Amino acid sequence: MGTSDSAAVTEDGRYDVIVIGAGFAGLYALHRLRGVGLRARVLERGDRVGGTWLWNRYPGARCDIESIEYSYSFSDEIQQEWEWTQTLPAQPEVEAYLNFVADRLDLRRDIEFGTAVTSLDFDEEAGTWLVATEAGQRYVAPFVIAATGILSEPLDPAIPGKEEFAGTSLYCARFPREGFDFTGRRVGLIGTGSTGVQATPVIAEQAAQLFVFQRSAPYTFPSNLREFAPGELDALKAQYPEIRAAQRRAHTGAARLSAFSVMSSMRDPRPLKKATREEQLRAIDERGVVGALSWADVLSDPEAGELATKLYGEAVARIVKDPATAASLVPRYPFGCRRPVIDTGFYEAFNRPNVTLVDLRQDPLRRVTKTGIQTGQAGYDLDVIVYATGFDAMTGALTRMDVRGRGGKLLRDVWAAEGPLTYLGLQVAGFPNLFTVQGPGSTAVTSNYVTGMEQHIDWIADCLGYLRSRGHRVIEALPAAQLDWAEHAASLTDGTVLSNPACNSWWTGTNVPGKQRFFLGYVGGIPDYRRRCEEIAAAGYTGFALS
Ligand code: NA7
């Protein structure tokens with residue numbers, strides 16, 4: 001499509017800002033843009049709001065950050081009115097919350113549902129983006145906010161024979177809205193990241209038999225999941241100013257229990273290598289698997305890391321009765337390499353007579369057949385296969401669209417050649433006026449997404465207000481600033497487990513065949529990141545060209 005097509009777009013397709021996605025980020029973006037007087041349209045491929053919380057409705061789907069922190073902080077009315085029922089919210093509750101917010105702020109009238117964006121073309125002369133959808137609609141706007149999510153493009157695993165399976169194939173990231181009854185079925189679950197770990201105990205309760213096909217064992221910690229006691233939520237709501245302030249100060253944007261808490265507990269001054277055997281055993285006596293890892297040197301000293309993994313294995317063996325299964329459940333990569341997982345009865349599920357762990361490290365998965373799954377040494381007859389095989393994270397949503405910036409360059413080609421470079425995770429050089437919410441190089445990977453997202457949307461809305469007040473029509477990240485940012489972000493992971501080439505996951509893009517290894521986050525922490533973003537804005541948007 002040529003940019004001359006822009007001229008053909010009628011007035012009703014022209015906006016100040018096009019926002020792609022109606023999840024947490026898109027909804028807040030719309031609210032803030034209205035607040036600064038901009039005409040915005042949200043384009044959402046789903047048929048309702050929710051984003052990742054709309055699609056990921058698999059059994060056990062739950063947030064691993066506490067509800068009172070994994071929620072919008074911008075409106076005291078909203079946080080006072082909404083009633084969370086559990087410490088860690090389940091998918092239906094998060095989806096209901098986002099619907100509540102959409103209603104409360106009357107957002108739906110500016111959202112177009114069932115509208116999948118397929119391409120974005122920058123018209124250099126006009127300084128506008130032409131946005132095209134699957135159904136052939138066209139929109140024109142000077143600015144585009146890609147609120148497309150960090151875990152929104154599921155990976156279709158290249159497992160041979162998948163389409164030959166005569167039973168039911170279910171994908172966790174596109175789970176049927178009406179749910180699925182596993183009662184009496186023989187089920188194979190592939191994948192033991194956060195999704196597979198959450199789904200395992202829930203499917204195990206229903207299924208006649210569950211085979212969990214595990215390629216890499218996760219580090220996973222028991223959650224404190226529970227219903228709020230009577231009056232507890234009201235007491236927390238009364239403390240919201242303090243809770244939000246603590247979140248803003250916290251490195252990960254979450255001050256209470258979260259998937260990242262174990263990392264915070266490693267600020268414990270004691271090094272594992274100096275601990276006596278008695279002290280080590282006491283740690284797992286008292287705190288189970290968490291006690292194995294909560295030491296000062298586990299992330300920084302590879303030997304301590306190995307020791308911690310061994311101790312972790314001892315803690316797992318205290319839960320899982322079958323020694324071979326317990327041994328298979330011990331991770332073989334250093335802790336800190338991948339995003340930690342929080343579970344509710346994952347290890348305990350393997351003590352059930354109807355649950356079997358299939359260790360793909362010992363006996364690799366060969367193919368799916370008409371009747372089930374074939375490994376090198378065995379065949380498993382199944383009625384249902386559940387894929388919990390992960391996402392093309394951080395970049396996948398944008399690389400699946402044809403995003404053409406200056407000179408007609410495609411974003412996916414630019415990122416394939418150079419790595420997913422951005423300036424602050426907010427913009428890509430050569431793609432003016434396109435904002436990437438929580439893009440690669442931002443804090444998204446290692447923090448509470450909602451905290452980082454709110455900061456990004458606030459920054460973008462303020463920036464758009466500034467541009468308008470100064471009469472600027474284009475803002476564009478400078479290549480040198482982008483490079484400096486990438487170098488700075490990389491310097492923070494040098495010498496940590498994250499620079500270990502054995503660390504393969506969506507954090508480094510290495511779960512996707514052919515994707516370049518590149519750590520996709522910024523580990524300086526949200527307070528430091530926010531300060532940098534604020535300083536850049538206060539100095540007139542250093543590192544950006546404004547015209
Ligand atoms: P993850 O964490 O990427 O986990 C995907 C899992 O699927 C992981 O165990 C993979 O093993 C496994 N996998 C992927 N492809 C295959 C094939 N072909 N065969 C066997 N096993 C496979 O995704 P999740 O959805 O669980 O979690 C993503 C994030 O969502 C999570 O970090 C939270 O932030 C929320 P591997 O590790 O590659 O050996």
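Reader: How many residue pairs are in polar contact between domain 1 and domain 2?
Author: 15 residue pairs, both at pLDDT 80 or more. A polar contact is a pair of N or O atoms within 3.5 Å; within protein, one must be able to donate a hydrogen and the other to accept it, and residues adjacent in sequence count only if both atoms are side-chain atoms. This is a predicted model: local features need pLDDT of at least 70, side-chain atom pairs count only at pLDDT 80 or more, and totals for chains, interfaces and linings use all residues. Residues are numbered from 1 along each chain as its sequence is written, and side-chain values use heavy atoms, with hydrogens and water left out.

Reader: Which side chain meets R177 in a salt bridge?
Author: That of D47, at 3.2 Å, N to O.

Reader: Where are the domain bounds?
Author: Domain 1 is 3-153 + 393-546. Domain 2 is 162-228 + 254-387. These bounds come from an automatic or database domain assignment.

Reader: What area do domain 1 and domain 2 bury between them?
Author: About 3,300 Å², with 55% of it on carbon and sulfur atoms. Buried area is the accessible area (1.4 Å probe) that two parts lose on being put together, summed over both. On the domain 1 side, Y58, P59 and D64 supply 20% of the area buried against domain 2, more than any other three residues.

Reader: Switching to strands. What order do they take in the open sheet?
Author: β3-β2-β1-β7-β19, five strands with parallel pairing. Strands are DSSP runs (E, at least two residues), and helices are H or I runs of at least four, numbered from the N terminus. Two strands pair if DSSP finds at least two bridges between them. At the edges are β3 (111-112) and β19 (434-436), each pairing on one side only.

Reader: How many bridges join β7 to β19?
Author: Three; β7 covers residues 143-146. V144 stands opposite L434 in β19.

Reader: Last one. Where does K515 lie?
Author: In the loop between α16 (479-493) and α17 (526-538). The K515 side chain makes a polar contact with the T395 side chain at 2.8 Å. Leaving out residues up to four places away in sequence, K515 touches D392, A393, T395 and G509.

Conventions. A salt bridge is a side-chain nitrogen of Lys or Arg within 4 Å of a carboxyl oxygen of Asp or Glu. Contact means heavy atoms within 4.5 Å.
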